[in-house]
Amino acid sequence: MAKHNGRGWYGKMIAAAVGVTALAAASSVWMAEAGPVDGKAGGAKASASSSSTGSKVKPVDTSIAHSSDKGARGVNITIDDGPDPTWTPKVLQVLRDNGVKATFCMVGPQAKAHPDLVRAVVAAGHRLCDHSVDHDTTMDKKSQAYQSQQILDAEKMITDASGGVRPLYYRAPGGAFTPYSRELAASHGMRPLGWNVDSKDFERPGTTAIVGTVRRELHLGPTLLFHDAGGDRSQTVAALREILPWLKQQGYSFGFPVR
């Protein structure tokens, strides 16, 4: 999610709720980046390594992805901060109603607490993304050991909750990437993931405002940012019901971020 303030709202709340101790840009292009979805993207700098679950994975490109695998008329729907037992099912229903696949950037303890929802996301054909353990938007100011814990612990929580399906991307909370975090994520097969359009739905400005932001800023690029946790997301659900059909009417297709 976009930066809001400090560690973000997860730092203490999720740690207390799930029993996890808190250890603590949008530049854009519409051209599709080269690189197949199987993780053999050109220019990858990270070396192969064992993942948090112990088996080998193929490293991917370390650069921050913004483009869509559907090309110039593709858009990527990305959903951050869940899964949430109230709002994730509603978001899944809207996506299902419109025949749209999305990328869910999950916070590790949320995934651990709701494995049924993680598996529902996977079963519906959506992709998983690692969004750290504590949603600390100051991660880029922390030690490499801290960054590693946040990324790899969340990767394991999400993979375990899904029944073995790994996250294919890593989105730093608030975009707080570092060269180290990008290299680490890429070495575990997770492409660093940015965004082009922040819908600002996290601020709950109203459905009309969310829709207006997306329409106004769509020219910035194809990766759109929404949320399915962090409070009442009814405005997000309502906005998606308007935005998804509108995008289809404009001739866009729905894809996934390039890998």
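Biologist: How many salt bridges does a search of the whole structure find?

Modeller: This is a predicted model, in which local features need pLDDT of at least 70, side-chain atom pairs count only at pLDDT 80 or more, and totals for chains, interfaces and linings use all residues. Residues are numbered from 1 along each chain as its sequence is written, and side-chain values use heavy atoms, leaving out hydrogens and water. A salt bridge is a side-chain nitrogen of Lys or Arg within 4 Å of a carboxyl oxygen of Asp or Glu. The number of salt bridges found in the whole structure is five.

Biologist: How many residues apart in sequence are the parts that Arg 241 and Asp 97 tie together?

Modeller: Arg 241 forms a salt bridge with Asp 97, and their closest N and O atoms are 3.5 Å apart. Arg 241 lies in helix α8 and Asp 97 in helix α2, so the pair links two separate parts of the chain. Helices (H or I, at least four residues) and strands (E, at least two) are DSSP runs, numbered from the N terminus. The parts tied together are apart in sequence by 144 residues.

Biologist: Is Asp 136 buried or exposed?

Modeller: Asp 136 forms a salt bridge with Lys 142, the closest N and O atoms being 2.7 Å apart. Buried means under 20% relative accessible area, exposed over 50%, and partly exposed in between (1.4 Å probe, protein chains only). Lys 142, at 28% relative accessibility, is partly exposed. Asp 136 has 0% relative accessibility, so this residue counts as buried.

Biologist: What separates Lys 156 and Asp 160 in helix α5?

Modeller: Lys 156 and Asp 160 form a salt bridge, with the closest N and O atoms 2.6 Å apart. Lys 156 is partly exposed at 37% relative accessibility, and Asp 160 is partly exposed at 41%. The two residues are four residues apart in helix α5 (residues 144-162), so what separates them is about one helical turn.

Biologist: How far apart are the axes of α2 and α8?

Modeller: Two packed helices are described by the angle between their axes and the distance between the axes. Axes are lines fitted to C-alpha atoms, for helices over the stretch in contact, and angles run from 0 to 180 degrees between N-to-C directions. Helix α2 (residues 87-98) and helix α8 (residues 234-249) pack at an angle of about 15 degrees, and the distance between their axes is 10 Å.

Biologist: How many residues are nonpolar, polar and charged in the contact of α2 with α4?

Modeller: α2 and helix α4 (residues 115-123) pack at an angle of about 10 degrees, with axes 11 Å apart. Contact means heavy atoms within 4.5 Å, and here Thr 88, Pro 89 and Leu 92 in α2 meet Leu 117, Ala 120 and Val 121 in α4. Ala, Val, Leu, Ile, Met, Phe, Trp, Tyr, Cys and Pro count as nonpolar, Asp, Glu, Lys and Arg as charged, and the others, Gly among them, as polar. The residues of the contact of α2 with α4 divide into five nonpolar, one polar and no charged.

Biologist: What separation do the C-alpha atoms of Phe 226 and Asp 201 have?

Modeller: Phe 226 is placed in strand β9 (residues 223-227) and is buried, with a relative accessible area of 0%. Leaving aside its neighbours within four places in sequence, Phe 226 is in contact with residues including Ile 77, Asp 201 and Leu 240. Phe 226 and Asp 201 are 25 residues apart along the chain, and the separation of their C-alpha atoms is 6.3 Å.
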